[in-house]
Amino acid sequence: SRLKKGLLKTRQGITEKIDTLLKSYKKIDEEFLEELEEILIMSDVGMDTTLKIMDKLREKINDRKISETSEVKEVLKEVMIEFLTTSKDSSLNISPSPAIILVIGVNGVGKTTSIGKIAYNLKSQGKKVLLAAGDTFRAAAIDQLKVWGERIGVNVVHQSEGSDPGAVVFDAIQAAKARKIDVLICDTAGRLHNKKNLMNELSKIFKIIDREYPEAKREVLLVLDATTGQNAIQQAKTFKEAANITGIVLTKLDGTAKGGVILGITSELDVPVKLIGIGEGKEDLQPFEPEEFIEALLS
Ligand code: GDP
């Protein structure tokens, strides 16, 4: 499948090593479990999450009196699916319309690309979409969003570089109301080095949305780059302090062996991963389904 192909490098990092391990041990013993633990840690699942996964795995193995390594993979899949399933809904909260999606994340993680892909998907579903170029800090960000808008046939509300992001969002909301837009997607600046600035800027935007568009369903999506591995988790923690994130978009899973980081993100943050990026094209953003993902990863 497309997903399986996208996960090729991560599969090489986790699955191939697990398969080799399973071949070299027939019976489950401490040494086997330690080697399995090592594989998970090396594939960017993260230390804390790996230890939690291993505890759960040991528990299930004991409860079920499993002794053959050949049965371990199915149990591991089960445990990983549990870790990837949060208490929160993983579908986008956008219907019935109208809805507003605020997209946050540092520069370079794939924010603009993801906005373009989300807009393309929603438009393909027959929804009226509008984009807002709220990352006014960089002229390139505005231009890039305009390029995506042209490519997929979606209008972009924008002002000049350096203008107030709140003003852009305000304009975009008025336009969305006037044009009866189903989903308004707003880009925001991706500066993280100054957390106070970031918080102020975001809270200004939230106030404008509260005041001007209270009827809209709201999503706050944080875009994270899977190739940055454990750094992505650190970024997510910082952003979580600045905004009420409702979902994560994990990009560039196709370009990395560090796809295991998705387990650490979900278990450490308790925010659902809602979308995953597995390529640069407009169709390469998929809804995240834990079972489908783990099947594609470990089968
Ligand atoms: P931004 O600065 O966060 O807006 O990042 P961009 O949207 O400009 O993306 C940075 C680079 O990452 C671009 O070259 C994108 O094509 C690429 N990119 C984004 N998402 C993905 C993905 O899921 N897979 C791959 N392979 N590349 C991606």
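Tutor: Lysine 180 counts as exposed because its relative accessibility is 64%, and the cut-off for that class is over 50%. The structure discussed here is a predicted model. Lysine 180 sits in the loop that runs between α9 (165-178) and β4 (183-187). Its phi is positive, at about 50 degrees, although lysine 180 is not a glycine. Most residues other than glycine have a negative phi, and most peptide bonds are trans.

Lysine 252 belongs to the loop between β6 (247-251) and α12 (261-269). With a relative accessible area of 32%, lysine 252 is partly exposed, since that class lies between the limits of 20% and 50%.

The bond leading from serine 95 to proline 96 is cis, and its omega is near 0 degrees. Proline 98 is also placed in the loop between α6 and β1. Serine 97 and proline 98 are likewise joined by a cis peptide bond, with omega at about 10 degrees.

Threonine 15 is part of helix α3 (residues 15-24), and it counts as buried because its relative accessibility is 2%. A polar atom of the threonine 15 side chain lies 2.6 Å from the backbone oxygen of leucine 297.

How values were computed:
Residues are numbered from 1 along each chain as its sequence is written. This is a predicted model: local features need pLDDT of at least 70, side-chain atom pairs count only at pLDDT 80 or more; totals for chains, interfaces and linings use all residues. Side-chain values use heavy atoms; hydrogens and water are left out. Helices (H or I, at least four residues) and strands (E, at least two) are DSSP runs, numbered from the N terminus. Buried means under 20% relative accessible area, exposed over 50%, partly exposed in between (1.4 Å probe, protein chains only). A polar contact is a pair of N or O atoms within 3.5 Å; within protein, one must be able to donate a hydrogen and the other to accept it, and residues adjacent in sequence count only if both atoms are side-chain atoms.
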